[in-house]
Structures are given as structure tokens and as C-alpha cells.
Amino acid sequence: MMRPLLLGLCSLSLLAQSVRPEQYNDMSWRHIGPFRGGRTVAASGIASEPNVFYIAANNGGVWKTDDYGHTWAPLFDNQPTGSIGALAIAPSNPKVIYVGSGEGLHRPDLSVGDGMYKSIDGGKSWKHLGLDDAQQIPAILVDPRNADRVYVAALGHPYGPNAERGVYRSDNGGATWTKILYKDENTGAIELAFAPDNPDIIYTSLWEAREGPWENGAWQGKNSGLFKSTDAGKTWTKLEKGLPTVAQGLGRIGLGTSPSNPSTLYAMVDADATLGGVYRSDDAGATWRKMNGEMRVWGRGSDFAWVRVHPKDKETIFVANTSAYKSTDGGKTFTAWKGAPGGDDYHTIWINPNNPETILLASDQGATITVNGGRTWSSWYNQPTAQFYHVITDDQWPYWVYGGQQESGSAGVKSRGDNGAITFRDWRTVGVEEYGYVAPDPLDANIIYGGKATRFDARTGQVQDISPNLLRDARYRSIRTMPLLFSPVDRHLLYLGANVVFQTANGGKSWDVISPDLTRESYALPASIGIFSSEAKNEANRRGVVYSIAPSHQDVNTIWAGTDDGLIHITHDGGKAWSNVTPSTLTPWSKVSQLDASHFDTRTAYAAVNTL
């Protein structure tokens, strides 16, 4: 787990000034949007109440609609985490809802949770159920005969080993848990499915995987695979005949069972390029055959592995990927069934078993519902569950708030509406890559910079690529979200981070490099990488980037820079010379995620650091 750490860096001894509660007690939060959905992987409906659906966003908690997605209401705001990876409704009592926290994914940018939650009143109130150290819970099953029997897939720590992972079962509604399938501290569970005709038959997918502390550092191990139990989880058998092996790149596996023919199963298998794809079994998992290997259907298999079978037709299946795909011939061929808007990256498919024309999709743009088999869909512009990377305000009045939203592009929101409230009419996109910073021009409110880098003109709606040409040179490194911000002193100066600091004084027409490579030349690998150290050593050793920049508010020549591999530098001469001022407590790959220079003292700055 990346743990937050706040450091104050200064050369003076300063006494903290206390803030009296009466100075802020009258302040309250107000909702300013944007009014559109964010990254969501947990979703479910109630078969007997076709108007009711629940979703849970990766960073937005649990939401409910009772009008087919026309409006959504938050249910989880008072809980200590908003990161959700799984949601399950008890078939025997739809008032009972189980929620697993943590995104339940392996990816460069993620948030973790603190275990399981349960509601017995349809989401009005919640109780924490433990499994705190699982951090990532991607799947939950509730026995259709008994709302107190629940199975949980625990993926575990994304950045290191831990013991609280694998498959768990509770027979008392989550009061206590029994670990019923476990390999080791590196292998978690990612998928769960009942046999439709017998809930004592359970399928699960184990996935041995690890995220590195640098972006796109990810590895998979030897214990991934598909397993089956016929005795409610007491014993397990590995299902592997016809499936790729670990030596063939086997990774994450998604599973779908056929309600109309329980012996028919489909698996979405991540493996080497020639072996990954959609697999099918017609003997309850004993043997498998590959049906489809199109990259558009299974590519990026570590992020997308969701396959579901039509409740009344075993030959019709639905697959979630960058689009949602549908096959009516048992997986041989697929048609892109649902794409943008309201998607781009799909994660979860829930089909009403009583009326298969009603389908709920969860994606990087929230949730969308069809009640006519996909001919029309509900809007995603009614779920303010945005997952933002950075936010900033400009200097106009009313001021605007800007940010880049995961897989949805950018957003600019007016801080004060003209009609008594801030509505969807008071925000717009501003042409910025979704992962990056937004940097409004302090001299012209109509010009907005962002990403790595672009220039947006609000008067024309046009976006121009102004990125430094040197970023195309192999000597320079950048990742998805790089710092981009103006100097508070000289408002013509715009800074951009890579493994060096870039500067422009003419709106990106030309850029200067004002620093050397500020990252570590060498280091010992963090212990969290563990058994994957040999693979990590094969990657380029110097791979850090400047992840945060803090220009002084007093002196135009003073600039602070922090890296994702755990270094902090400062220059007092506009970049001619840089000094390493890294605190001794920072270890390699302690990510300096934010730096903020003091508004009053050129020798003081504050650093927010994520540590392993």
C-alpha cells in the first residue's frame, strides 16, 4: 500500500499557528459538479424490482436509483472510504447489501479500501465487517438460499505481499470469516461465480500479480488459475485442461456461467497474444476450447475480464472491454454493442434474469441502463462520481474549478451559477487530457493549458498541441500525469515536468530545459517488490520522473521539484543550478506527489509523499 506522508521542508524554525474552530465551524460543503459519472466497477440490480439498481464508484461510494437510472442518490457518504470494487445484493432479501472496498484492480493509479461493509436496510445504514487488510475486494457472492452465507474474493495489497487474500466465506452475515482458498501472500482472488443450479458449486479465479511503485511496473506469477469447489468451498480443484498455462502468460481470468445450461461456462483469459481470448466449456469446466482471440474483445486483459451469459440463451454472451461487445454464436464472433458516450472502458455487466432486455453497464463513465436490449440507454450525466487527478482554480469571477477526470477528459466548473444553483449548464470540457494537470492562463481566462501539453481557447473551442518536441526524444521520460503550472510571480512562465523541468514563456511556442535529470541514477529495489525482483531488475534502472513542481510565491528564480522515485531538489537561480534537499527519511520510490511552496518564505515548502 502507498501510505501518505506530509513533510515540511524549511531552513527556519517556525511555530505552527493554531486555527480556532470558531473560524471555520460555519463553513459547509456545497456540490459544484461536474454532473457526470466516474470510474465504476461495482454494479447490481434487483430482479424483482426492475426499476432499482445499485452502483459503487471506485472513488465515489455507493449510489442507488429507483427510476431506471433517471436520478441517482448517494448512500455511502458517511463511511470512512469511498473506494469500492464489489457490490452484491442478497437474492433472498434485497434489503441486504454487501460491499467490498478497494478498486479491485491492478493499474497504475488506484485507491485501496478497508474491508467489507453490509447494509440490512437497502443502504440506509452500514456496518463494517472486517477483512480490513484485504485492501482490494473485487467480487462477492451471496448464497441465494441464505443471506447470511457470503463469499468474498480478496485480491490483497497491490504494491506488496500480505496474508489477507484469497477466498473467504462467512456463515453468519459477515460477523466472522473463514479463509477457504489460499495459495500464498502474493496470490489473491479476482472472480467468483455460482453454478446457476447449485450454489454449493463455486468457481473462482486466483491471480498472482504485483504493481511496482513506478508507473507501468507490473508482474504476474505462477499461481494464477481457475478453481472449482463442489462442497461450498471446503475443497477445490484446479481447472486447466485447454486453458493457457502460466508459462504461456496466464494472468487474470473472468468467468460467466449460463443460467439456461449450467454446464456451459465462458472465460475471459488474459495470456500471451496468441493465446488470450474468450474460452468456452460445455462440461462444467472440465475442459475448455478457445472461441475468439480478437484483441479488441480481450485486450488489456488485466483491466477487463468481464463476461456474462444471457439468462435464457447459452449462445449469447456479453463482454466488457474498451467497448461492450455481444456475441450470439457462442463467442465465435462479436459485435461492438455499446461504446461512447457513456463508456469507453466498460467493466461490469448485470442482466436482469427475469427480463434480459434490462441490462446495467458500469464503466469509466459511471453507469448506464437499457430496458430494451440496448436500443436506448439512460444518461451518465446524472452521477457526480468524478475521479479527478488534480484540481485548480482560476482568477476570474465567479472563479472556475478545473480538473482532469479519469477516461472522461477535462472539466471546468463555474463556482457560482446564474440560476440559484450550480447545474450542468455551469460546466464544460476544456480540451485537456484526462490524466493531466489543468493550468488556466492567469493573464487570459479564456486560455487553458493542460496535459503534456495542450492549449485550449474557450472562445473558439479549439485545442492545440504545444508539447515540447524534446518529449519525443528517448532521453526524456514522462508518464500519464505530469505537473504543469504557472509561476505565481511571473505569470508568463509555465512549467512542465518530465525527468527534467521544462519552461516556456510564450505559451508553448518554444520550450527550454531548465534542469538536469532530477531522478535517481541508481537505487536498491524496494522490498515490497519481493519475489518479482528479478523481473524488475530487467527493466531500465533510471525510470523516475519529476512528479511535482512548486514555484516560489516570492522569488521567480526559486523552484522546488519532487520526483516519483523519492527526491526533492531546489533551484534559486531559475534552473541554472539545483540542490538536492531530500529528507533522509525518504526512501527510493517514495512518491513526492505534491509540493507547495510557502507563500511567505522562499526557504519553506511542504511535500505530500506516498510511501511503500
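Visitor: Is strand β4 largely enclosed by the rest of the structure or open, and why?
Guide: This is a predicted model. A residue counts as buried when its relative accessible area is under 20%. In strand β4, residues 61–65, four of the five residues are buried, so the strand is largely enclosed.

Visitor: What is the bridge partner of W63 in β5?
Guide: β4 also pairs with strand β5, residues 73–74. That pairing is antiparallel and has two bridges. The β5 partner of W63 is P74.

Visitor: F53 and W350 form an aromatic pair; what is the angle between the planes?
Guide: The ring centres of F53 and W350 are 6.0 Å apart. Planes over 60 degrees apart count as edge-to-face. The F53 and W350 pair is edge-to-face, with an angle of 85°.

Visitor: How many residues apart are F53 and W350?
Guide: Both residues are away from the surface by the cut-off used: F53 is buried at 0% relative accessible area, and W350 counts as buried at 14%. F53 is in strand β3 and W350 in strand β27, so the pair links distant parts of the chain. Their separation is 297 residues.

Visitor: F76 and Y117 form an aromatic pair too; how many residues apart in sequence are the parts it ties together?
Guide: This pair is edge-to-face, at 5.2 Å centre to centre and 80° between the planes. F76 counts as buried at 2% relative accessibility, and Y117 counts as buried at 2%. F76 lies in the loop between β5 and β6 and Y117 in strand β8, so the parts tied together are separated in sequence by 41 residues.

Visitor: Which element gives the most to the lining of the largest pocket?
Guide: The largest pocket holds about 1,200 Å³ of space. Its lining has 43 residues, and those nearest its centre are S44, P91, L141, R308 and W350. Elements that give two or more residues include β6, β14 and β27. The most, six residues, comes from β2.

Visitor: How many residues in the lining of the largest pocket are nonpolar?
Guide: The lining divides by class into polar, charged and nonpolar residues. Eight are polar and two are charged. The nonpolar residues number 33.

Visitor: What is the volume of the largest cavity?
Guide: A search of the whole structure finds one cavity of 30 Å³ or more. Of the 17 residues in the lining of the largest cavity, the closest to its centre are V41, L105, P138, R252 and W306. The lining has eight nonpolar, five polar and four charged residues. The volume of this cavity is about 140 Å³.

Notes. Residues are numbered from 1 along each chain as its sequence is written. This is a predicted model: local features need pLDDT of at least 70, side-chain atom pairs count only at pLDDT 80 or more; totals for chains, interfaces and linings use all residues. Side-chain values use heavy atoms; hydrogens and water are left out. On a 1 Å grid over the protein atoms alone, a cavity is a set of points where a 1.4 Å probe fits but cannot get out, and a pocket is an open set with protein on both sides within 12 Å along at least five of seven lines; lining residues have an atom within 4 Å of a point. Grid points are joined across faces, edges and corners, and a volume is the space filled by probe spheres set on the points. Ala, Val, Leu, Ile, Met, Phe, Trp, Tyr, Cys and Pro count as nonpolar, Asp, Glu, Lys and Arg as charged, and the others, Gly among them, as polar. Buried means under 20% relative accessible area, exposed over 50%, partly exposed in between (1.4 Å probe, protein chains only). Two strands pair if DSSP finds at least two bridges between them. Rings of Phe, Tyr and Trp (its six-membered ring) pair if their centres lie within 6.5 Å; planes under 30 degrees apart count as stacked, over 60 as edge-to-face and the rest as tilted.
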